[in-house]
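Here are my notes on this one, written for someone opening it for the first time. Have it on screen and follow along point by point.

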Amino acid sequence: LTIVRLARLLRERNIVVRTGGCKGVDEVVMNAIPDAELHLPFRNFNQIENPASYFSDEKCKALAKSVWPTLDNLQGVVKSLYEKNPRLISGKNFNSTAQAVIVWSEDGVEDAHNVTSRSNIAGHLVKLAAASGIRIFNLARPDAEARIMAYLDTIYVEPKQGESARNPAGNHEPNYYNSNPGSYHGAAGGNNGAAPAGPNNGAAEQPRPNPDAGSIQYGSPSG
């Protein structure tokens, strides 16, 4: 399952993609999905100038530290990459929670209790996702592709005007109401910088009662 193929599949299903603007996976996703949401660690990160980009504020930084108490031991760009992750998980206003997170890490971690030094920044995303009860998929696992595809087939996506609704699970009601018809939101965040070509993180949103948009996102922060 290539990153471009998965990114395009999400877009075909009207699932909004969030990305972190890093070189590598994020760059591939931005090229594949020009209208992906950008959640950057700071302005002009990697020379990206986009008025629709979102940046970390004090709330975002506090949330990042809540699952990573040693965050203040990090410095500079690396720390900023961690601090942006809550926006990948919960959206720019922290009210668009992801349905699932897709990550890559050397250790294949999918459980917050199993995060190790080999998990690197993906471990931070796993902990954030676990704290919100979000599904986690690690592309380092051999069965990740099959599980991701099976999961996507359970997601209801509101149709764009003139299209039919996609509802493979056969549900009669959407499991997420969206004030922006034609998109389904989730969030995803970064990847382990030590990963081979193709490491990434992503996510999809959980059911929410209030009308709000969400997005599935790819990120490849180095850490």
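This is a predicted model: local features need pLDDT of at least 70, side-chain atom pairs count only at pLDDT 80 or more; totals for chains, interfaces and linings use all residues.

1. Start with Arg8, which comes out as partly exposed at 47% relative accessibility. The classes used here are buried for under 20% relative accessible area, exposed for over 50%, and partly exposed in between, with a 1.4 Å probe and protein chains only. Arg8 sits in helix α1.

2. Residues are numbered from 1 along each chain as its sequence is written, and side-chain values use heavy atoms, with hydrogens and water left out.

3. Now the overall layout. There are seven helices and seven strands in the chain, and along the sequence they come in the order α-β-α-β-α-α-α-β-α-β-α-β-β-β. Both kinds of element are DSSP runs numbered from the N terminus: H or I over at least four residues for helices, E over at least two for strands. Of the 223 residues in the chain, 53% are buried. As for contacts (heavy atoms within 4.5 Å), take those with a separation of 6 or more: 66% of them join residues 24 or more positions apart.

4. Back to α1, residues 3–12. Which of its residues are buried? They are Ile3, Leu6, Ala7, Leu9 and Leu10. Looking down the axis of α1, you find these buried residues within an arc of 160°, so they line one face of the helix. The arc is taken from the directions that run from the helix axis to the C-beta atoms. As background, an α-helix has 3.6 residues a turn, so residues three or four places apart point the same way.

5. What does α1 pack against? One partner is helix α7 (residues 144–152), at an angle of about 5° and with the axes 12 Å apart. That makes α1 roughly parallel to α7. On the α1 side the contact is made by Arg5, Leu6, Leu9 and Leu10, and on the α7 side by Glu145, Ile148, Met149 and Leu152. The axes are lines fitted to C-alpha atoms, for helices over the stretch in contact, and the angles run from 0 to 180 degrees between N-to-C directions. Under 35 degrees counts as roughly parallel, over 145 as roughly antiparallel, 65 to 115 as roughly perpendicular, and the rest as oblique.

6. Two asparagines deserve a look for their backbone. Asn14 has a positive phi near 65° without being a glycine; you'll find it in the loop between α1 and β1 (15–19), and it is buried at 11% relative accessibility. Asn44 also has a positive phi, about 65°, and is not a glycine. It belongs to the loop between β2 (37–38) and α3, where it is partly exposed at 45%.

7. Next, Pro86 in helix α5. At 3% relative accessibility, Pro86 is buried. Setting aside neighbours within four places in sequence, it is in contact with Cys60, Leu63, Ala64, Gly91, Phe94 and Leu128.

8. Helix α6 (120–131) has 12 residues and spans 18 Å from first C-alpha to last, close to the 16 Å expected at 1.5 Å a residue. That expectation is 1.5 Å times one less than the number of residues. Its buried residues include Ile121, His124 and Leu128. The buried residues of α6 pack against α3 (58–66), α4 (76–83), α5 (85–90), β3 and β4 (135–138). After α6 comes Gly133, with a positive phi near 70°.

9. Finally, the loop between β3 (100–103) and α6, where Glu110 lies. Is Glu110 buried or exposed? It is buried, at 16% relative accessible area. Its side chain makes a polar contact with that of Arg147, at 2.6 Å. A polar contact here is a pair of N or O atoms within 3.5 Å; within protein, one must be able to donate a hydrogen and the other to accept it, and residues adjacent in sequence count only if both atoms are side-chain atoms. Beyond four places in sequence, Glu110 touches several residues, among them Val126, Phe137 and Arg141. Glu106 is in that loop too, but is partly exposed at 46%.
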